[in-house]
Amino acid sequence: MKTTTLIKPGVSRRSALKAVGALGGTAIAASALPTWYLQAQSSEPIKIGFQVHRTGIGAAYGRWYERTSIAAVEKINSEGGIMGRPVDLVAEDDGTDPKRGAEVVEKLTVQHGCDVVFGTLFSHVVIGSSPRAGELKVPYFVVSEGHHVASGILNRYTLQPCITDVKSQVEAMAPFVSANLGKKVTMIYPDFAFGHDHRDYFSAAMEKNGGQILEKIAIPPTETSFSKYFPKIPRDTEVLYHVMVGPAVLTFVKELGEFFGGRGPTLFGFIDSLEAVDMTSPGLEFLDGSYFWEGMPRYSQGDVLPFDQAYRESVGCDANGASLTDSRDVSTYAHMFGCWETLFLLREAMSMADYTSDQASRVRLIETVESMSDIPASIEHPQGPKIFNGKTHQVFGKQYITKVEDGRLNLAHATSIQDTFYPDEVDYTEQSF
C-alpha cells in the first residue's frame, strides 16, 4: 500500500515551523512542538502487520477482512495517520493454518519490522500463533471470536479489544432461544476450537436457562457433504442450533433444507453458516422464519445502528451487505467490523501511549489498552458501544438476533452489553512482560 507522510489535521507544516521560528529555533522551541510533529519529520511509517486468511477455509473472511482493513487505513491516513505518522498495512497470508500462522507472525515482526500484528480470525490459528507473538514480544491484536483469549491460555501480548467471544455471545443468546424457540436442542458445529467453544458454552448456557441439549454433532471443518450427519438429529428436537464455517457453507444449508423439507425443528444459526452467502440463492427458501446470531446485522436496519451507513459506504457495502460493485459478492459483515474497530483503537491507544516503535512503547501500548474500559459507539466503533476488560483482554458488546423474512435478515432482538458478561477466568495484568 502506498503511503504518504501526513500532518495532523488542523495544523499545517508551515504553521508549525512558524511556531519554531517565533521561539528562536532554540532547544526550547523543539521541546515545545508536540510529539506527533517531531515524529512526522523524522520517523518511518507505523507498520501494522496484517495476518490474513487469503487461502484455506478462512479465505472468504480474509478477503473482506482485507478490504475492511485497507479502507480503515486509508481513512486513518487521510486524517493524519497516527500522531502524524502514516500507517503501512503489511499483509501476509497464513493459509488459515496454525503452523503457518506462527511463521507469519515471525515474518511480519522480524523481516518486515512491524510494530504490531493483527487480524487473525480462526481460533486454531490464533492459538497456534499467539505463543510466537509472546516470544517475540510483539503486541498481537486478534479479530477472532473464540474464548481462547479470555480463558487465560494465551499471553499478555495477545488482546481481543474489538470483537466479542463465543462465550459472551451464547450467554446472551441462550435466554432468547429457551424462552422463544424451544428447550430441546441439537447442536451442529465444526470440530475444532471455535466449534468446541459453542459446544461447551452454549450447552452450559442453555442448561442454566432450563434447556436440554439432546445431541452434539461435530463435523470436520473441511467436510464438503453433510447429509450423512443429519440422521443423527433426534426426532424430538425442538431447536436445531447450527454454526458452520468454510467454503462449503452453502452446501451445508442447502442439504439441511433438503433433509427436512420444511418440516423440521426451528432453526437457530450463527451467521457463520451463511457468511459471504447470498440469502437469495436458490435452495435457501426453507430458511424463511429461522433465526440467526449476527455480530453486526448484514442488512441495514435503519437507525438502529447510527453509524452503520457511514461505515457501509467506507468499506464498500450496500444496504444488503454486498459489494457496491457486485451484488453477488456478499461480505462477512457480522465479523469484519472487528478489523475496522481494532485499527481505530490502535490509533487511539498509540497516541495515548506516546508510541515510538521501541520495545518500551510496545509495553506502554499494551498497558494503555488494558486501562481502557468504555468504548462508545462512533464511526470508529460502528458495531455499537462496548466495555473492555483489561484483565482478561476481552471486549464485551451488544449481540443481535435477526429473523429471515422474505429472504432478508430483519432485526428481532438486540441484547444489552450486560447480558454478555461472565466471571473473569484470568488476570493478564499480573503477568510480566
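## Confidence of the model

The average pLDDT over the chain is 91, and 90% of the residues score at least 70. The stretch to treat with care is residues 1-42, where the pLDDT is below 50. In the model this stretch still has 50 contacts beyond near neighbours in sequence. Where pLDDT is low, predicted coordinates should not be read in detail.

## Helix 4 against helix 11

Helix 4, which covers residues 59-78, packs with helix 11 at an angle of about 105°. The axes of the two helices are 9 Å apart. Angles of 65 to 115 degrees count as roughly perpendicular, and helix 4 and helix 11 are therefore roughly perpendicular to each other.

Which residues of helix 4 and helix 11 meet? From helix 4 come Trp64, Thr68 and Ala71, and from helix 11 come Tyr311, Ser314 and Val315. Sorted by class, this contact has four nonpolar residues and two polar ones, with no charged residues.

Is glycine 321 buried or exposed? With a relative accessible area of 0%, glycine 321 is buried, because buried means under 20%.

Setting aside neighbours within four places in sequence, the contacts of glycine 321 are Arg298, Arg312, Val330 and Ser331. For a sense of distance, take asparagine 209, which is 112 residues from glycine 321 along the chain. The C-alpha atoms of these two residues are separated by 33 Å.

## Two residues with positive phi

Threonine 96 has a phi near 55°, a positive value in a residue other than glycine. Threonine 96 sits in the loop between strand 2 (87-93) and helix 5 (98-111). Its relative accessibility is 7%, so threonine 96 counts as buried.

Further along, histidine 393 also has a positive phi, of about 60°, although histidine 393 is not a glycine. Where does histidine 393 lie? You will find histidine 393 in the loop between strand 12 (386-389) and strand 13 (394-397). Histidine 393 counts as buried because its relative accessibility is 0%.

Conventions:
Residues numbered from 1 in each chain as written. Predicted model: local features only at pLDDT ≥ 70, side-chain atom pairs only at ≥ 80, totals over all residues. Heavy atoms only, no water. Buried < 20%, exposed > 50% of the residue type's maximum accessible area, 1.4 Å probe, protein only. Contact = heavy atoms within 4.5 Å. Axes fitted to C-alpha atoms, helices over the stretch in contact; angles between N-to-C directions. Helix = DSSP H or I, 4+ residues; strand = E, 2+ residues; numbered from the N terminus. Parallel < 35°, antiparallel > 145°, perpendicular 65-115°, else oblique. Nonpolar A, V, L, I, M, F, W, Y, C, P; charged D, E, K, R; others polar. pLDDT = per-residue confidence, 0-100.
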